[in-house]
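Thanks for coming. I have one model to show today, and I will keep it short.

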Amino acid sequence: LKSDSVIEAEIKLGDLVLVYNNEITFEEVFKANVKEINRFSIKLSLKKNVPTKLFQGKLWNIYTDTMETAYNTMQGSLFSLMSNKNLDKRNLITGRRKPVFLPLEEITLSSALNSRQKYAIQKALSAKDYFLIQGPPGTGKTHTLANLIIELVKKGNKVLLSAFTHRAIDNVLLKLIQEGFTDFLRLGSHEIVDAPIHPYLIQERFNELKIKKSYAF
């Protein structure tokens, strides 16, 4: 799709969007992923096959599909939280029970970390329930989180890293690579993941495995 004016929107590469025209009452609303975007055009991958002629000669609107990506997730999480099996988690969130911490363990951490970052990592490692690392931009939260992940793996833990945006995940993974840690798999597509992390995509690792097997005799 092309625009006659500069595209000024918060839509980013990899976003799930809704596509509809001004005759929304009579036309279908399509779901699509953003494959390419620049100042004057955007390339979408529709969730279903649609004749190209349908898009010709009409003005189309693109809107971020926050309903599916955010509302459904929050609604499902709320229902899960209210179930009896999550009573203890509910008590933690509402403050009825305080989080439990083990005594701080003396560990050797990177000299690139300051005293507060080291304390945050030690405190997180001692947490039995949860621990929140908070701070304004530029205070080294990403660096702290990367080193925390390394320490957790050293202790034999498996770590699931998730975030609200793909960019946030990639920032942590890039920091892990800088720290010399590459024992991870990235879920996602080439379009939404930073290029330096492409070798760690699960599909790339799977292709490497298939190639190795094909040369095995």
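This is a predicted model: local features need pLDDT of at least 70, side-chain atom pairs count only at pLDDT 80 or more; totals for chains, interfaces and linings use all residues.

Residues are numbered from 1 along each chain as its sequence is written, and side-chain values use heavy atoms, with hydrogens and water left out.

Start with helix α4, residues 141–154. Helices here are DSSP runs of H or I, at least four residues, numbered from the N terminus. From first C-alpha to last, α4 reaches 20 Å, close to the 20 Å expected at 1.5 Å a residue; the expected span is 1.5 Å times one less than the number of residues. Its buried residues include His143, Leu148 and Ile150. Buried means under 20% relative accessible area, exposed over 50%, partly exposed in between, with a 1.4 Å probe and protein chains only. Their cover includes α3 and α5. Just after α4, Gly156 has a positive phi of about 90°.

Now the cores. A nonpolar core is a set of buried Ala, Val, Leu, Ile, Met, Phe, Trp, Tyr and Cys residues joined through side-chain atoms within 4.5 Å. The largest has 14 residues, with Leu173, Phe184 and Ile197 among those with the most contacts inside it. Two or more residues come from each of α4 and α5, and α5 gives the most, four. A second, separate core of ten residues includes Val17 and Trp60.

Last, Ile202 lies in helix α6. Ile202 is partly exposed, at 37% relative accessible area.

Terms used
Contact means heavy atoms within 4.5 Å.
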